[in-house]
Amino acid sequence: MRTLLSGDLPRSRMLSFLLAAIFFCLALAPFLFPGTRSLDVAARVCVFILLVASYDLLLGYTGIVSFAHTMFFGIGGYGVGIAIARLSPSWSAVAVGTAAALLASLALSLVIGLFSLRVKAIFFAMITLAVASFFAILASQLSGLTGGEDGLTFRVPELLRTRIAAYYVVFVASLALFLALLRVVNSPFGRVLLAIRENDFRAEALGYRTVTYRTIANSLGALVATLAGVLYALWLRYTGPNTTLDFAIMIDILLMVVIGGMGTMYGAVIGATLFVVAQNYLQDGMKVLSAALQGIPLLPDLFHPDRWLLWLGVLFVISVYYFPTGVVGYLRRR
Amino acid sequence: MKAGRFDLIPVALVAVVTLGALGLIRTPSTWVTLTVAGLAMGLLIFIMASGLTLVFGLMDVLNFAHGIFIALGAYVAASAMKAFGGGLAALAPAMLGAMLAAGALGLLFERVIIRPVYGQHLKQILITTGGLIVAEQLIHVVWGPDLLPLERPEALRGALLFGDVALERYRLAAVLVGLAIFAAMALTLNRTRLGLLIRAGVENREMVEAMGYRVRRLFVGVFAAGCALAGLGGALWGMYQEAVTVQIGAQMMVLIFIVVIIGGLGSVTGCFIGALLVGLMANYVGYLSPKIALGSNILLMVLVLLWRPRGLYPVGKS
């Protein structure tokens, strides 16, 4: 168990319990929560845990803010989508699409990284924002290739057509990649990243090339995000701007990382689970609340089901101020 | 801004782009139309971006929620235009209202969101993004989620014809307003004591503080003014597009970031030149080959950064 978690134990009884609960719920999701909607939520949780964990590698461990993470997520989705749509719904097409997507992500992240990671964090954040929005427009414009705003609906290989099998593919792949990320951040390489986050000047003085380390971390994060995109597209059997490239998803990822806890992979698990479940079920609760407040000015509007992001945004601001280490940090401190 | 000799190469670059486009477009009347459109767009972007770059230069604060002031300005203007009947007379209250609302929100934003995180870049990016989410949702609460029409007053619709050159009235007006604001800003920054302090603060904050000035108070003023300008820019831009959605801020933010990066973070002159370049490029390329229009500004940014890695007019401190 210790080797599986790379020696990075939760270090809090409550946190261990939560993580174990999430693990078992996800592992047995098709049996515990029958029904298409809850299985869909479970698959989304798996994919987003992976996506958020790869983002945490950048934000929490290396201390760089990227707004292009959804772009890599989208490259994965479009890679596999386009390959299947053009070739055939077979595993070889999936492999070709994934490989092409990984290559594209690697090249793009290297270029962005070499260009802008030399300078300040803020500079990188701005450049990634510009590039990602450009990519999103590009994807919706090249409708011959990407299906434009409608996206691509495609058939998947035989095995993935049963929902339970598809779910377990997503689950196992996400779990394996998550453990791999845990391995990375607890390796000597991960220690250097932490050093760069804490004080890049001192890390440089110790003889580490900070630009190289940052660029590698950036590319690694991009590659894992691409794989998450592949998994998500295979699960949805669809890929389009709204499911992968939307800026709103980038905001979601930020919320998940910060609320869960930056600088720890377990934060991604907690944050993503909390967020996806809230996204799917908080609205139901708010509908009830909004109806109950009917007649009072403004309040029903504030608690309107579509305004759920407002409350998560408030939670986000509060957690940046008062719980910079998020839920995980809070649990560990007690 | 002007330290020693003024660097004219970037200005020449604007001229080269403009004249180069004439060579490619060939029909002078189209070229004039496009140039005016580009200038109008560039000046509007400048109005929105100038506050952001000044704030960064002065206090090292980058506000990722700057777009929200743009959106707020546009929404307030839309409401005011509706309330005052939509004629030319409604223009003044609409613009003033947009500026006041955005400025007031700016003061609040500085106090609540930004003040606790001075000097911490990572937290600034996160917290201002959080503020953006909350403020966007609040706009939805107040104005509803739907697109809001923002019509131009009768007098500003249609185009003027000079020979075979058609110039949209609103664009001409936008150019005039933009130039007026740039002139006012340049005068304030270069000819008044306040401007002197701001420029000195951008150059070296500690020194100005050591001389007994409260740079932080100055900064709050600049922040609010920048937000007010963003609100005005948003109102004008909304009218340019004749519709307002909450995404208007986020869409403009991308262009504004490109402009600010091209110009050199913290430099007002750079911001002006960058905005003109981006506005002109967007219109020329949009006409010549619409397919690459989207990428042209990114390409421009990359080229500028290859040439001058810290922007056209790098500001003193790194």
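Visitor: Let's start where the chains touch. Which residues in helix 6 of chain A meet helix 5 of chain B?

Guide: First, the idea: two residues are in contact if their C-beta atoms, placed from the backbone, lie within 7 Å. Here Ala121(A), Ile122(A) and Ala125(A) in helix 6 of chain A meet His121(B), Leu122(B) and Ile125(B) in helix 5 of chain B. By class, the residues of that contact are five nonpolar, one polar and no charged. (Ala, Val, Leu, Ile, Met, Phe, Trp, Tyr, Cys and Pro count as nonpolar, Asp, Glu, Lys and Arg as charged, and the others, Gly among them, as polar.)

Visitor: And how do I read those labels?

Guide: This is a predicted model, where local features need pLDDT of at least 70 and side-chain atom pairs count only at pLDDT 80 or more, while totals for chains, interfaces and linings use all residues. Residues are numbered from 1 along each chain as its sequence is written, and chains are lettered from A and ligands numbered from 1 in the order in which they are written.

Visitor: At what angle do helix 6 of chain A and helix 5 of chain B pack?

Guide: Axes are lines fitted to C-alpha atoms, for helices over the stretch in contact, and angles run from 0 to 180 degrees between N-to-C directions. Helices themselves are DSSP runs (H or I, at least four residues), as are strands (E, at least two), and both are numbered from the N terminus. Helix 6 (residues 121–141) of chain A and helix 5 (residues 121–143) of chain B pack at about 35°, and their axes are 9 Å apart.

Visitor: What about the whole interface: how many residues of chain B are in contact with chain A?

Guide: 27 residues of chain B touch 31 residues of chain A. On the chain B side, the elements giving two or more residues are helix 5, helix 10 (247–263) and helix 12 (290–307). Helix 5 of chain B gives the largest share, 15 residues. Sorted by class, the chain B side has 19 nonpolar, seven polar and one charged.

Visitor: How far does helix 5 of chain B reach?

Guide: The expected span of a helix is 1.5 Å times one less than its number of residues. Helix 5 of chain B, with 23 residues, reaches 32 Å from its first C-alpha to its last, close to the expected 33 Å.

Visitor: Which residues other than glycine have a positive phi here?

Guide: Most residues other than glycine have a negative phi. Among the exceptions here are Arg237(A), at about 55°, and Arg26(B), at about 75°. Arg237(A) sits in the loop between helix 11 and strand 2 (238–239) of chain A, and Arg26(B) in the loop between helix 1 (9–25) and helix 2 (28–59) of chain B.

Visitor: Is Arg26(B) buried or exposed?

Guide: A residue is buried if 20 or more other C-beta atoms lie within 10 Å of its own, exposed if 12 or fewer, and partly exposed in between. Arg26(B) is exposed because it has 8 other C-beta atoms within 10 Å. Arg237(A) has 17 such neighbours, so it counts as partly exposed.

Visitor: Which residues of helix 8 of chain A are buried?

Guide: Among them are Ala166(A), Tyr167(A), Val170(A), Phe171(A) and Ser174(A). An α-helix has 3.6 residues a turn, so residues three or four places apart point the same way. The cover over the buried residues of helix 8 of chain A includes helix 1 (13–27), helix 3 (36–62) and helix 11 (210–236) of chain A.

Visitor: How do helix 14 and helix 17 of chain A cross?

Guide: Angles under 35 degrees count as roughly parallel, over 145 as roughly antiparallel, 65 to 115 as roughly perpendicular and the rest as oblique. The axes of helix 14 of chain A and helix 17 (residues 326–333) of chain A come within 7 Å and cross at roughly 115°, and the two helices are therefore roughly perpendicular.

Visitor: Last one: how many helices and strands does each chain have?

Guide: Chain A has 17 helices and two strands, while chain B has twelve helices and four strands. Buried residues make up 50% of the 334 residues in chain A and 50% of the 318 residues in chain B.
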